[in-house]
Amino acid sequence: MARAEDRELLKAAYQAWDAQDWVVAGESLERLARRLPDHRRAGVWWYDAALAYKFVRNWAKAYELGREAAARAKRGAEDPAFWNLGIAATIMEDWATARDAWQGYGLTVPAGDGEIVADFGPTPIRLTVGQGGGEVVWAQRLCPTRARVLNVPTPESGRRYGEIVVHDGAPNGEREVGGQKFPVFDELLLFRASELPTTIVEVAAGGPADVQALAELFDEHGYAAEPASGVRMICACCSEGNVSHDRDHQVAGGQRVHVAAPVDRISALMDAWCAAAPERRSWTGPVLG
């Protein structure tokens with residue numbers, strides 16, 4: 001890099017990076033990479049430029065520059081250039097590029113040429129990061145970067161049961177269940193919305209088995225119901241650490257239940273639950289707030 005103006009551009013780019021001025025950093029690094037495409041550090045500049053645009057959620061630019069970075073990365077060596085391209089290509093719904101990126105990283109994905117829908121196992125997801133959120137729910141991973149929400153999020157979370165979210169690839173915390181540890185991933189954006197709103201009902205249950213029966217009844221109809229006792233309020237610092245979970249959090253007595261179902265179906269389902277054991281079960285609702 002002989003020219004003084006190139007050295008100044010490089011310096012300005014990483015000064016902006018240190019200041020977390022991602023737009024300036026991304027623009028400067030892209031300019032530098034285009035001016036010096038054969039430089040031995042060009043691949044790094046493309047990667048950092050794409051990453052800067054990822055930080056500001058400019059997915060079109062992250063995708064464009066990510067392709068340049070991946071083209072200069074070694075395949076099959078878990079190079080993060082492929083992972084970030086996989087995220088951006090998924091958001092842009094360029095499934096051919098996403099599949100190639102995951103394979104370039106070193107992962108195996110199902111054969112095909114459309115949307116990737118597979119079973120990559122369960123994972124905790126931290127919802128609506130950067131939007132005042134932070135609720136962690138369990139989700140089923142459909143591909144390396146998308147997951148379907150399996151819990152009934154609280155109404156305050158802004159998310160719903162069954163929604164598909166895109167999540168980051170860097171773990172930010174850990175959840176432990178039955179001695180098995182699962183990394184927590186932060187949500188990047190909502191990929192596909194759910195039509196099932198979250199409603200709160202008040203129930204009185206004779207025992208934990210009655211609450212479990214309620215959950216099973218809603219599940220049989222493709223909906224979900226979860227006791228609010230399963231929600232734990234913890235600080236952000238603890239949330240980003242290791243947190244142990246019980247598999248079973250049903251409790252007896254009067255309590256609130258979060259329900260994910262069409263509003264016009266809730267009464268019939270709740271009445272059916274009560275009718276099966278009227279001496280132990282009752283309900284009122286919905287509860288607002």
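The largest nonpolar core has 47 residues, and W17, W45, W59, I87, W102 and V166 have the most contacts inside it. A nonpolar core is a set of buried Ala, Val, Leu, Ile, Met, Phe, Trp, Tyr and Cys residues joined through side-chain atoms within 4.5 Å. The model is predicted: local features need pLDDT of at least 70, side-chain atom pairs count only at pLDDT 80 or more, and totals for chains, interfaces and linings use all residues. Residues are numbered from 1 along each chain as its sequence is written, and side-chain values use heavy atoms, with hydrogens and water left out.

**Nonpolar cores**

- Two or more residues of the 47-residue core come from each of α1 (4–18), α2 (22–35), α3 (42–55), α4, α5, α6 (95–105), β4 (164–167) and β7 (185–192).
- A second, separate core of 23 residues includes V259, W273, C274 and W283.
- Beyond residues up to four places away in sequence, W17 touches W22, A25, L29, D48, L51, A52 and F55, where contact means heavy atoms within 4.5 Å.
- In soluble globular proteins, nonpolar side chains tend to be buried together.

**Overall composition**

- The protein has 9 helices and 12 strands; helices (H or I, at least four residues) and strands (E, at least two) are DSSP runs, numbered from the N terminus.
- Of the 289 residues in the protein, 47% are buried; buried means under 20% relative accessible area, exposed over 50%, and partly exposed in between (1.4 Å probe, protein chains only).
- Among contacts in the protein with a separation of 6 or more, 58% are between residues 24 or more positions apart.
- The protein exposes about 14,100 Å², of which carbon and sulfur atoms supply 50%; the area comes from the Shrake-Rupley method with a 1.4 Å probe.

**Packing of α4 and α5**

- Helix α4 (residues 59–71) packs with helix α5 (residues 80–91) at an angle of about 145°, and their axes are 8 Å apart. Axes are lines fitted to C-alpha atoms, for helices over the stretch in contact, and angles run from 0 to 180 degrees between N-to-C directions.
- On α4 the contact is made by W59, A62, Y63, G66, R67, A69 and A70, and on α5 by A81, F82, L85, I87, A88, A89 and I91.
- The residues of this contact divide into 12 nonpolar, 1 polar and 1 charged; Ala, Val, Leu, Ile, Met, Phe, Trp, Tyr, Cys and Pro count as nonpolar, Asp, Glu, Lys and Arg as charged, and the others, Gly among them, as polar.

**Individual residues**

- N84 is found in helix α5 and counts as buried because its relative accessibility is 16%. Leaving aside neighbours within four places in sequence, N84 is in contact with Y47, L51 and K54.
- K11 is in helix α1 and is partly exposed, with a relative accessible area of 47%. The C-alpha atoms of K11 and L29, 18 residues apart along the chain, are separated by 9.9 Å.

**Loop residues with positive phi**

- Most residues other than glycine have a negative phi.
- E78, in the loop between α4 and α5, has a positive phi near 55°. E78 counts as exposed because its relative accessibility is 54%.
- E78 and Q103 are 25 residues apart in sequence, with 9.5 Å between their C-alpha atoms.
- E93, in the loop between α5 and α6, has a positive phi of about 60° and counts as partly exposed at 46% relative accessibility.
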